[in-house]
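Subject: Structure handover

Hello,

Please find the structure below. My notes on what was found in it come after.

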Amino acid sequence: MPMRNQVSDVEKIPQVFIEISLEEMHARVAEHIEDGWRFLQLCATTIESGIELVYTLGRGPEVENLVTNIANGDIVPSITDLAPAAFFFENETKELFGVNFKGIAIDFGGNFYKLSEPFPMNPDGFYVEIPADEPEPQVESEDELEPKPEAEPEAESADGGEADE
Amino acid sequence: MSERTVIPFGPQHPVLPEPIHLDLVMEDERVVQAIPQLGFIHRGLERLVKTRDYMHFVYVTERICGICSFGHSYGYSQTIERLMGIEVPMRAEYLRVIWFELSRIHSHLLWMGLAADSFGYENLFYQCWRLRERVLDIFEKTTGGRVILSACNVGGVNYDIDNSELAGISQIIQKLKRDAKPLIKALVKDRSIKDRLVGSGYLSQEDAVKLSIVGPFARASGVEEDIRMFGVGGYGELAEFKPQTSTQGDNYARVAVRCNELLQSCDIICEMIDKIPDGPICEKPKGNPPEAQGIGRVEQPRGEVVYYVKGNGTRFLERFRIRTPTSQNVAGMVQLLQGCELSEVPLNILTIDPCISCTER
């Protein structure tokens, strides 16, 4: 049987998985980009404790995966300021898994794929309100968020009524 | 400042074989912002991994896209093999490269035809697609399918090709290369085509790197990266491989890079046929994918595709994900469109060769 080249495929494209905390993620991605790595992909997987996020970066044949586990409802800083191509993945992950990204360059607001069911890959997912200035988010359930657009006109009409009186 | 208007572009448009919508924010004839909108054909195929055996899932990956069909089964199989430590027989690796490069030829010819049609060169369009039929005939003869081949599997390939038949394929490819040259000459030398392409849709090398652009789109801006150059699988047996690049970064460079890649693929196929060893074509996998995760990368016709798999010890994978070239290149496309004239928009989109089926999976 013919022999293969002496260097195996595993050595030709080396890959590592490194677990880090969510707080470190943005800074670690920034370090990589600074060192000449480029963003390859972002993948979310539903796990028992919430969601596992894998940020894959590549430099030539090397691949490094930064892995972090988050709980449903956690706010994840967007990396689109470092890697603009991530806007696609963050919008997709937001819609399929209910991951709350803060500061996506082009944010479709959960209307990227326009799915018929919310968060099909993570039924326990939910959106939280992301305040622009306050660092601590106020968690709201999905049911409370949905009727909001209808509630606003009612409030306006009530104000208008008072003004008339 | 001129009054701004929004022009909807797509999802149905003559230069778009697949649906993508763009809101073009215009100031007079100039685009100041392009907002993409996807989701017309999202199928959620990644989710099927939880209900399909990992061996059967190869056939799902093939159905992600008609043009990149073989490439997806190849990339998925390679990733699972790496995860499970399967060593694929060399003959299978050679056959995979042959089918994969044939896919690249037919994809580039298809794109060249679409590009020619968009310039108004209908005869050139027909010529490119007529040439492409020869590749589809080879697919049909060797696998029985013209679009979905079902040739690649975890551990090797499903079909062998006789050495005598391989010699015939080599002759067909050499003739195809000769016949493609006049078409390529028309695309890269014709004055009116050059007038439309040279200098339009420019993307600098710096922006291509910053935006993580991949494939011919990146190589046309001087990014010398092609996964085939790392020599994984059968590509490690090539005497030499050099990515086709250009430093011009415009629409013309993207056409020229694809034309050169087409000729290069013909050479790769002929070299593989000359060197193919005898032996088995499949190593049957034993057991299930372990509780581990892995990444695979292949160079599809449109650029690098990243496959992520996560096993859980059962015959069903925990997670499977495909990062396609277009999902990277959409950011570059948005950048290209900013500041261009409305008349340049169709060509700027077309020269990226977007594949929406792959992207929306």
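Helix H5 of chain B

In H5(B), the residues Ile173(B), Leu176(B), Ala180(B), Leu183(B) and Leu187(B) are buried. A residue is called buried if 20 or more other C-beta atoms lie within 10 Å of its own, exposed if 12 or fewer, and partly exposed in between, with C-beta atoms placed from the backbone. An α-helix has 3.6 residues a turn, so residues three or four places apart point the same way.

Before going on, two notes on the model. It is a predicted one, in which local features need pLDDT of at least 70 and side-chain atom pairs count only at pLDDT 80 or more, while totals for chains, interfaces and linings use all residues. Residues are numbered from 1 along each chain as its sequence is written, and chains are lettered from A and ligands numbered from 1 in the order in which they are written.

The buried residues of H5(B) pack against helix H3 (90–119), helix H4 (122–143), helix H6 (191–197) and helix H9 (251–275) of chain B. Helices (H or I, at least four residues) and strands (E, at least two) are DSSP runs, numbered from the N terminus. H5(B) covers residues 163–189, which is 27 residues, and spans 38 Å from its first C-alpha to its last, close to the 39 Å expected at 1.5 Å a residue; the expected span is 1.5 Å times one less than the number of residues. At Lys181(B), shortly before the proline Pro182(B), H5(B) has a kink of about 30°. That bend is the angle between axes fitted to the seven residues ending there and the seven starting there.

The sheet of chain B

Strands S6, S7 and S8 of chain B form an open antiparallel sheet of three strands, in the order S6-S7-S8. Its edge strands are S6 and S8 of chain B, each pairing on one side only. Two strands pair if DSSP finds at least two bridges between them. S6(B) and S7(B) have eight bridges and run antiparallel, and a hairpin of two residues joins them. Val298(B) has Val305(B) as its bridge partner in S7(B), and Gln300(B) stands opposite Gly303(B).

Eight of the eight residues of S6(B) are buried, so S6(B) is largely enclosed by the rest of the structure. Gln293(B), Ile295(B), Arg297(B) and Glu299(B) are buried on one side, and Gly294(B), Gly296(B), Val298(B) and Gln300(B) on the other.

Helix H2 (residues 69–84) of chain B lies across S6 and S7 of chain B, at about 150° to S6(B). H10(B) lies across S6, S7 and S8 of chain B, at about 125° to S7(B). Axes are lines fitted to C-alpha atoms, for helices over the stretch in contact, and angles run from 0 to 180 degrees between N-to-C directions.

Chain B against chain A

The contact takes 32 residues from chain B and 32 residues from chain A; two residues are in contact if their C-beta atoms, placed from the backbone, lie within 7 Å. On the side of chain B, strand S6 (293–300), strand S7 (303–310), strand S8 (319–323) and helix H10 (325–337) each give two or more residues. H10(B) gives the most, with four residues.

Chain A

Chain A has five helices and six strands, and 35% of its 165 residues count as buried.
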